[in-house]
Amino acid sequence: MAQSIAGAASSGKNKETGAVADMTDAVGSSTGLGVVVDMDMKHCFENLIVIDAGANLTNKKYSRDLESVIQRAKDAGVQKIMVPGTSVKSSKEALRLSRIYPDIIYSTAGIHPHDSKSIIEEPNTWFEFEHIAASLECVAIGPCGLDYQRDFSEPETQKLIFEKQIRLACNLNKSLLIHERSAQQDVLDILDKFENLPPIIIRGFMGTTEDAVKYLNRRFYISLTGYLCKDKSDSGVRKLLENGTLPIDRLLVETDSPFMYPNTRASKLPQHVKTGITERSLLYLHRYCTFQRNEPCSLPAIVEMIAAFMNKTPDEVALATAFNALKLFGLS
């Protein structure tokens, strides 16, 4: 098993570097703040400093122990968590959580493609959504976009609501989180209608290398999840990392909790990737996360796997993705 990588980040000249240094100080002092640490984990307390670009903590699976879930994430080195709203209701709940847990939880406001029809059926809810999106704690618009793999909302309805959210992101100058499944060309065609787009993040990317190149050529960012454990194709996410197609300055990481459990025991996962995961990360992953309920504390394991595929150190990936998140979401 690889040795634990300390996540110490030195302070730099710009805002993002200073913010990451502050996060490092916070982790370094956490054991002196009355935090209860599992005895089995004290022997390997060094941790990466990471930011979860998407964890669905409004999901009912966390209704009984959310505070413990957040504390575990902090203990594991997850310093900030973006909680996405996928409907008016969940966007409101995500905003509420960001106010209960300031400086670690930040919300986004989105109407997921599957939920697009709800705005058509109840048009007055759009005004409430705009109010939520304009809140200071809301750091991005989305996830929004197009999903043609399922028919919860008609394609034309999805397009209409997608365009409304793009316009809102432009007006608010907030980053845009895009969910896309089997609809890349239509997503690009719609985005081409707009000038002066804000930064764009392709959330939970599961496409091919060719798909990724089309996004990267437009200077979009790509966010990866534990899906890389499932990907067995010759031209998918793993290839994207191994051949250097995805530059580290365009990369974000997310758990997509409670979904996308990173199955580190997958038979097709290369041995050098498995051995690149530290004992500490595996302790959090196997003790607290399951296929039925993933948690943000699994993020260090995902970062270490990505690092192994990219032939980089976990520190490099953790620091770069933290910088990217700080910049895109306007965090400090």
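Helices (H or I, at least four residues) and strands (E, at least two) are DSSP runs, numbered from the N terminus. In helix α11, tyrosine 284 and tyrosine 288 are 4 residues apart, so about one helical turn separates them.

The model is predicted: local features need pLDDT of at least 70, side-chain atom pairs count only at pLDDT 80 or more, and totals for chains, interfaces and linings use all residues. Residues are numbered from 1 along each chain as its sequence is written, and side-chain values use heavy atoms, with hydrogens and water left out.

**Aromatic pairs**

The structure holds 5 aromatic pairs. Rings of Phe, Tyr and Trp (its six-membered ring) pair if their centres lie within 6.5 Å; planes under 30 degrees apart count as stacked, over 60 as edge-to-face and the rest as tilted. Two of the pairs are tabulated here.

| Pair | Centre distance | Plane angle | Class |
|---|---|---|---|
| tyrosine 261 and phenylalanine 291 | 4.6 Å | 55° | tilted |
| tyrosine 284 and tyrosine 288 | 6.1 Å | 40° | tilted |

Tyrosine 261 and phenylalanine 291 are 30 residues apart and link distant parts of the chain. Tyrosine 261 is in the loop between β8 (251-253) and α10 (271-274), and phenylalanine 291 in the loop between α11 (279-288) and α12 (299-310).

For accessibility, buried means under 20% relative accessible area, exposed over 50%, and partly exposed in between (1.4 Å probe, protein chains only). Tyrosine 261 has 8% and is therefore buried, whereas phenylalanine 291 has 53% and is exposed. In the other pair, tyrosine 284 is buried at 3%, and tyrosine 288 is partly exposed at 22%.

Helix α11 also holds glutamate 279, which is partly exposed at 42% relative accessibility. Its C-alpha lies 9.5 Å from that of alanine 301, 22 residues away in sequence.

Elsewhere, one aromatic cluster is formed by Phe205, Tyr215 and Phe220.

**Charges over rings**

A charge sits over a ring if NZ of Lys or CZ of Arg is within 6 Å of the ring centre and within 35 degrees of the ring normal. The charged end of lysine 164 is placed this way over tryptophan 126, 4.6 Å from the ring centre. Arginine 250 has its charged end over the ring of tyrosine 221, at 4.2 Å from the centre.

**Lining of the largest pocket**

β4 (138-147) and β5 (175-181) each supply at least two residues of this lining. A pocket is an open set of points on a 1 Å grid over the protein atoms alone, where a 1.4 Å probe fits, with protein on both sides within 12 Å along at least five of seven lines; lining residues have an atom within 4 Å of a point.
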